[in-house]
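Please walk through the model below with the structure open beside the text. The discussion moves from a side-chain pair to the sheet and then to the ligand site.

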Amino acid sequence: MSRLVPEDIAHVRAMLKKHDDELRAQTGRGLLGIAAEAAGLTEKQLKEMVAETRIGVVPLTTGLGIIGGFSDTVQAILSFVGAEVFVTAATDVAGINEALAAGVKQLFMADDLTCSLMDLQSRCTADNGIATGRGFGAALALAAGEIKGKKVAVLGAGPVGRSAVYYFLSKGAKVVLYDKNPACLAHMQSVPGVTLAGSGSEALAAGTLYFEATTARDTITLADMSSETVVSAPGIPLGISDDAMAKHGSQVIQDPLELGVVSMLSCLLAKVAGKYQE
Ligand code: 2YJ
């Protein structure tokens, strides 16, 4: 798992509208529309649910500590899609107290292992890794038009990659999965619809739809891409080589935080409404 650094997210706030427009050009939907799809909601349903939120983002100093700009960026992303959200002035337990005193309905908190959005009344939670897999999975499916019956190459079998695998399978796609760590792959070997590949290039040879959820660079190079390729790439750092980005960047769906955070919101609200399909 990668820990974000301030440089990863420094431009997110200023670029939210531009990123939303880019996603619309790539997938036909913006952040909220993709996240709705990821959670099995219509965009209209999600919009109505988002309008009722009151979210407190609590900075946590535990472990490696505060990531500069992290909480403010989460606040900006959630507010961009219509949520009512504020960052507490206090951190940690005092921050939770502050949020509760201010009447929040949901809490957003991240330490070094877990990033979670929780609903206080229903006690439902949404995990960043799972939501990110579904959000970027939905983005790939929307960009591809139809993935039923198609093969998707998934690189990386961590929480994000595995969540995407189950999303693709639920949409009737087949998955060819590779992870350099055999222990991660072992979990997935008996899942119907999943074929394990012996290398990244073997996985990428499966078709033109790629999901990149590794923490390595240059897992997808210029030689792996054509004008047909569509890549959804939540992995940090970005796994697509510089020359491949220079030529095919418009075919790559990627961001460091935005789609994952909005998908946490959609998954949480779908769970609260009893509309979430595991
Ligand atoms: O509040 C803060 O500023 C920090 N405690 C935020 C820490 C954010 N955590 C991470 O970036 C970890 N890698 C966990 C993310 C889980 C993603 N699935």
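Which residue's side chain does the side chain of His 19 join in a polar contact? The partner is Asp 255, and the contact between the two side chains is 2.7 Å. The model is a predicted one, and side-chain atom pairs are counted only at pLDDT 80 or more. His 19 sits in helix H2, which spans residues 16–27. The relative accessibility of His 19 is 7%, so this residue counts as buried, the cut-off being under 20%.

Gln 106 belongs to strand S3, residues 106–110. With a relative accessibility of 3%, Gln 106 is buried as well. The side chain of Gln 106 makes a polar contact of 3.3 Å with the side chain of Asp 119. A polar atom of the Gln 106 side chain also lies 3.1 Å from the backbone nitrogen of Arg 54. Gln 106 therefore counts as buried at 3%, while its side chain has polar atoms placed against a side chain, that of Asp 119, and against a backbone atom, that of Arg 54.

Next comes the sheet. Six strands make up an open sheet with parallel pairing, in the order S8-S7-S6-S9-S10-S11. The edges are taken by strand S8 (194–196) and strand S11 (252–253); each has a single partner strand, so one side of each has no neighbour in the sheet.

Strand S6, residues 151–155, lies between S7 and S9 in that order. Of the 5 residues in S6, 4 are buried, and the strand is mostly covered. On one side, S6 pairs in the parallel sense with strand S7 (residues 174–178) over 5 bridges. Within this pairing, Val 152 has Val 175 as its bridge partner in S7, and Val 154 has Leu 177.

What surrounds the ligand? The shell holds 16 residues, and the closest are Ser 2, Leu 60, Ile 67, Ala 110 and Asp 111. By class, the shell divides into 9 nonpolar, 4 polar and 3 charged residues. For Ser 2, a backbone N or O atom is 2.9 Å from a ligand nitrogen atom. Leu 60 likewise places a backbone N or O atom 2.9 Å from a nitrogen atom of the ligand. A polar backbone atom of Asp 111 is 2.9 Å from a ligand nitrogen atom. The ligand taken alone exposes 490 Å², of which the protein buries 92%.

At 31% relative accessible area, Ser 2 is partly exposed, because the value falls between the 20% and 50% limits. Ser 2 and Ile 77 are 75 residues apart along the chain, and their C-alpha atoms are separated by 20 Å.

Key:
Residues are numbered from 1 along each chain as its sequence is written. This is a predicted model: local features need pLDDT of at least 70, side-chain atom pairs count only at pLDDT 80 or more; totals for chains, interfaces and linings use all residues. Side-chain values use heavy atoms; hydrogens and water are left out. A residue is near a molecule or strand if one of its heavy atoms lies within 4 Å of it. A polar contact is a pair of N or O atoms within 3.5 Å; within protein, one must be able to donate a hydrogen and the other to accept it, and residues adjacent in sequence count only if both atoms are side-chain atoms. Accessible areas come from the Shrake-Rupley method with a 1.4 Å probe; for residues, only the protein chains shown count as cover. Ala, Val, Leu, Ile, Met, Phe, Trp, Tyr, Cys and Pro count as nonpolar, Asp, Glu, Lys and Arg as charged, and the others, Gly among them, as polar. Buried means under 20% relative accessible area, exposed over 50%, partly exposed in between (1.4 Å probe, protein chains only). Helices (H or I, at least four residues) and strands (E, at least two) are DSSP runs, numbered from the N terminus. Two strands pair if DSSP finds at least two bridges between them.
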